[in-house]
Amino acid sequence: MMAAIRIALLNIRLAMRTKVALFFTFIFPLIFLFAYGGIFAHGSPAGMAFLFGPVIVLQVIGSSLWGLGMRSVAERERGSLRRYRLAPIGPGAIVMSSMLAGYLLLIPTVAVMLGCARLFFHMPMTISILDLWILVTAGSFAFAGFGLTIASVANTMQEAQVYNNIAFFPLLFLSGATIPLGALPHWLQSVAAFLPATYLVSAFQGVMSQSEPLLRHTPELLALITSGFFGSAFAWKLFRWEKDEKISKSAKLWALIFLFPFLGMGAWMNANGSAMAGWSRALNNLDNSGQSQTSGSAAKVSKGPFAIEHVGVFDGEHVSPADTVIVQDGRILAVGSGLKPPSGAQVIDGRGDTLLPGLIDAHVHVLDRDALKQSLVFGVTTDLDMFMDWKLARQIRKEQAAGQDLDYADLRSAGTVVTAPGGHGTEYGLKIPTLSSPQDARAFVDARIAEGSDYIKIIYDDGRAYEMHLPTLSKATMAAVVEAAHRRGKMAVAHIGSYQGARDAINAGADGLMHLFIDRAPDADFGQFVAEHHAFVVPTLSVLKSICGTPSGEPLISDPEISPYLPESAIVSLKQSFPQRPGEHCDYDAAPASIRLLQAAGVPILAGADAPNPGTTFGASLHRELELLVEAGLTPQAALVAATSAPAHAFHLEDRGRIAPGLRADLLLVKGDPTTDIKATRAIVAVWKLGVQADREAWRAQVERANKTAAGAPAGSESGLVSDFDAGTPATNFGSGWVKSTDSMMGGKSAADFKVVDGGAQGSKGSLEIYGDILPGYAFPWAGAMFMPGAQPFAPANLSSRKAISFWAKGDGRTYRVMMFASSAGPIPAWQNFVAGPDWKHYTFPFASFRGMDGHDLEGVLFSGGPEPGKFSFQIDDVQFE
Amino acid sequence: MSARNGSAIVQVSGLRKSYGEVEAIRDISFEIREGEVFGLLGPNGAGKTSTIEILEGLRQPDAGTVRVCGLEPARESQQLKQRIGAQLQNTILPDKITVEEALRLFASFYERTIAVDDLMERFGLGEKRRAYYETLSGGQKQRLALALALVNTPELVLLDEPTAGLDAMVRRDIYALIEQLRAEHRTVLLTTHYIEEAERLCDRVAIVDHGRIVALGTPRELVRKSGEGARIEVRLEKPASAGRLRGLDAVLECAERDGAYFLRVDPVAKAVVALVHMIETEGNTLVDLHITRPSLEDVFVEMTGRSIED
């Protein structure tokens, strides 16, 4: 042992005397560090944290194979080992000394690299020195064993070079050391699972970029250490002092035993795809940090640091003893007590206030950018969408990547939901593909991922709990979807509508439940059951309350902290609840009961309001959801966790959800102490996204203006008459007139036009003829003429003093539709059918018959042909609001 | 028979070693006594290095018994290595190691060592103590190799071709160092293919050829064994017949070349008397006479039928 140490120390001294060795020990790894950091991480601190592991792993592999291994072959070839042979030391001492020298040279290299990463890239210290040391040591041991095994089976330098190249290139390119694992095609990921370096890389990235405890990587560490033992045992067993001692071919094959632990690991990983999912997650995190950094450089971020002093801090998990948080370049720079703000920093006195991580809403449906803007105004810095138009999601992602997203919440989206033909999700008018069989699940999920889905949302709900009968996925199909998502490293969450549905979804392997059930109380084992399957739950109490007939969001309207920021459409939505069906049994109390069981079992509870469903609106409703969670039995702190660190962790967004150095400066400053009074979250002082303060006042002013305009009925609407077409023109008494409207805006092919013709109802002079051709192309084809009552097109008009719309119609005998658009109802119209026969007929439809509209925010009235294809022609006259 | 007395520190008997088809050692037996310098003399490929490496415990013999310092080298090599010092035929050390580092490192491997500083002084390496191995001359490298063989005050020093490849000046330098060991009554086994080296340094020499010992004894004994005879080269004023000379008493052979006669005689004294008598009786005059005693080289040629350089 002493001999091994002495030889190792001498070898280190010799290396220090050799320029080539010095270059490869210190200069070369730094070149890699700066190249990786500069090119791949764009100089971003979080990017550097992601790439630091790979750079270290490259150095570990390189120094083991090309340094250690080749050195020992060279010593043998040169003959300098023979002299040791005459001394009373065995092969073990030589093997040990080589490994030790390699290891002792690696430690300062890593230290220098760490120093450079910290100094030049401001890399956050997301790994403890102890963990770093453990990883470097295990890696060095494994690869030193590998390098020496190769050295011991190679008969010549040339042979060793060939073996090294064969081993090195897969390790270089397939282990995640150069190309992130998550970016590899799936089949290559399967191959990568058999490579030792893969485990070192993924352990590094798990710890450094995903805040995973090192203990989670115990199997990987054990595999590395085991192969280190195999490797060194082989190197010792096959050790040769003399170059003319040759090794037999069969002995060479034995050396492959080194890879045995990784055959096991690879088989296990391939059998259990979810383990590989971490690779994609880690990559996603890199993308996020890359994006943030891009946005940081997009000039909008105020580079100047700011500090919030004398403030209470809830760090996303606990009440922190810190009282100062310093932000710079969109990231949290420091958290502590009595920290001195950097010179030039803007200082905010947070006395009496509490600083929270920006809130994360774990269940929204993003209709447009305003949804995200409104979220941010209410302190929600991240929206986790659970079904939206994937094309819009893609556009918003692009804007986020370009840094144009600073005035709206960061979006993660499920894109298109996975549902059965005719199932929940298909009723909103958005044309979506559907899934019928487990065989198609993989292709279906791949298509969603290709569209950009960050995770997969499954609809598993037959509607029976609400006395509806909806088609839904089979259990087998749901399980296949979950499996397909996991294979691609994506999470799969399930919308459920009943207790049985919840259990089925958990059994199918869903990562999380969207909604709790209200059809019956849970069994006592429910919490334990979910906990054992490591799933999380987003109860969405707000929407469950609305389903049970109570407009859950109504109290928000009268909250002075909230109401100035609520646009009219939000107020309408908050007042609504779901229509109650006859025979529907609703047991809201089942939800709080479930939450208590889940919490007792340690299941992560995530806050999500499911805006903009009836009773909810973006952002504001998350505050109500927190209140409902506290009512359901969570402590205010636990409720805050549910809207910060818990969703961040559950959705692998480890760059947010907590207040800690290096994380995104997504922050919410509120008056008072929400850790004792949950409603204090509404008393918002300021919201920052990536260190940029949201302009809440601009939003408030805009809301005020819009609500004022919306308040009165439009001038000219006093009589209620829109048009009688008797003047020979399509003139209107108010609003912005008649316009053509067809499905071409949704990619359809239908066409329409209109003109005023002689002869109207009841012998009047004129009427409006609407004609066109309905052609297939869009799922819900339409074409016709639309009246827009607002002063500007699509501006809502308040016609709530009216109760109905009436008109005369005649035509070719086909069925037509009158469709009503209201801003609170979103982009999907409600409609009534009418028949335009050979004789004029008068129709009156109450507003309420259009899905409960009250006319306060009407955007348009559309007279349309379709949905059946074909040419059509009809006339209308005396269009009037009654 | 022997110049010195002492118990046997090396005992080799019936040693055989083959490398595949090649029989490197066919049958070698000898003993080395404490305090003697024993030489294995033979051409390259005679089996000398194989023999020494078996003694060092680096190779396993195929047959025969070997005892070194009372130990069996193949089985007890670690204990043995503590007690012997050795120098390889071609010692190579790392380029950037200094003289002092090499000596101190190797000294650290042993239980018993001598002062490295003294060793450096004695081997003339004091000035070079901080020099890298790659900067040393051939002679300095060889002196360092010898010094390394002595760091553990070994009971037996094994030197494999200690002067091979060195020029004559440097070789004499090394001889002096080995003679010093002899003066200290160290037990030394050295292999060489230089006859001069064996004659000068060794108490006893075994002549090895084709894996066998063909002769063994002190250099003197070996020479004597090949007879008391000598060669006489003689030039006469008037020619004499070779047949006449061959007929002289004690003359075994005679050949004539360039007017000189070369006689192989035994015993010398008798032949000289007969030769002088013949010259006087025939009225001839002796122009020149040269008597050559046989050398170890002659012994080697006689024993092996070829010159050692062949």
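**Note on the predicted model: cysteines and the chain A–chain B interface**

1. C254(B) counts as buried, since its relative accessibility is 10%, and the structure in which this value was computed is a predicted model. Another cysteine of that chain, C69(B), is likewise buried, with a relative accessible area of 11%. C586(A), by contrast, is partly exposed because its relative accessible area of 25% falls between the limits of 20% and 50%.

2. Over all chains the count comes to one disulfide, which is formed by C548(A) and C586(A), with their sulfur atoms 1.7 Å apart. The pair links distant parts of the chain, 38 residues apart: C548(A) sits in the loop between helix 20 (541-547) and helix 21 (554-557) of chain A, while C586(A) lies in the loop between helix 22 (568-575) and helix 23 (590-600) of chain A. The link is left-handed, with -50 degrees about the S-S bond.

3. Turning to the interface, the contact draws on 26 residues from chain B and 20 residues from chain A, and the two chains bury about 2,300 Å² between them, of which 60% is on carbon and sulfur atoms.

4. Four salt bridges are found across the interface of chain B and chain A; among them, R78(A) pairs with D95(B), the closest N and O atoms being 2.6 Å apart. Eleven residue pairs are in polar contact across this interface, both residues of each at pLDDT 80 or more.

5. On the side of chain B that touches chain A, the elements giving two or more residues are helix 2 (77-83), helix 3 (99-108) and helix 5 (138-150) of chain B. Helix 3 of chain B supplies the largest share, four residues, and by class this side has 14 nonpolar, six polar and six charged residues.

Methods
Residues numbered from 1 in each chain as written. Chains lettered and ligands numbered in written order. Predicted model: local features only at pLDDT ≥ 70, side-chain atom pairs only at ≥ 80, totals over all residues. Heavy atoms only, no water. Contact = heavy atoms within 4.5 Å. Buried area = accessible area lost by both parts, 1.4 Å probe. Salt bridge = Lys/Arg side-chain N within 4 Å of Asp/Glu carboxyl O. Polar contact = N/O pair within 3.5 Å; in protein donor to acceptor, adjacent residues only side chain to side chain. Nonpolar A, V, L, I, M, F, W, Y, C, P; charged D, E, K, R; others polar. Disulfide = S-S within 2.5 Å. Buried < 20%, exposed > 50% of the residue type's maximum accessible area, 1.4 Å probe, protein only.
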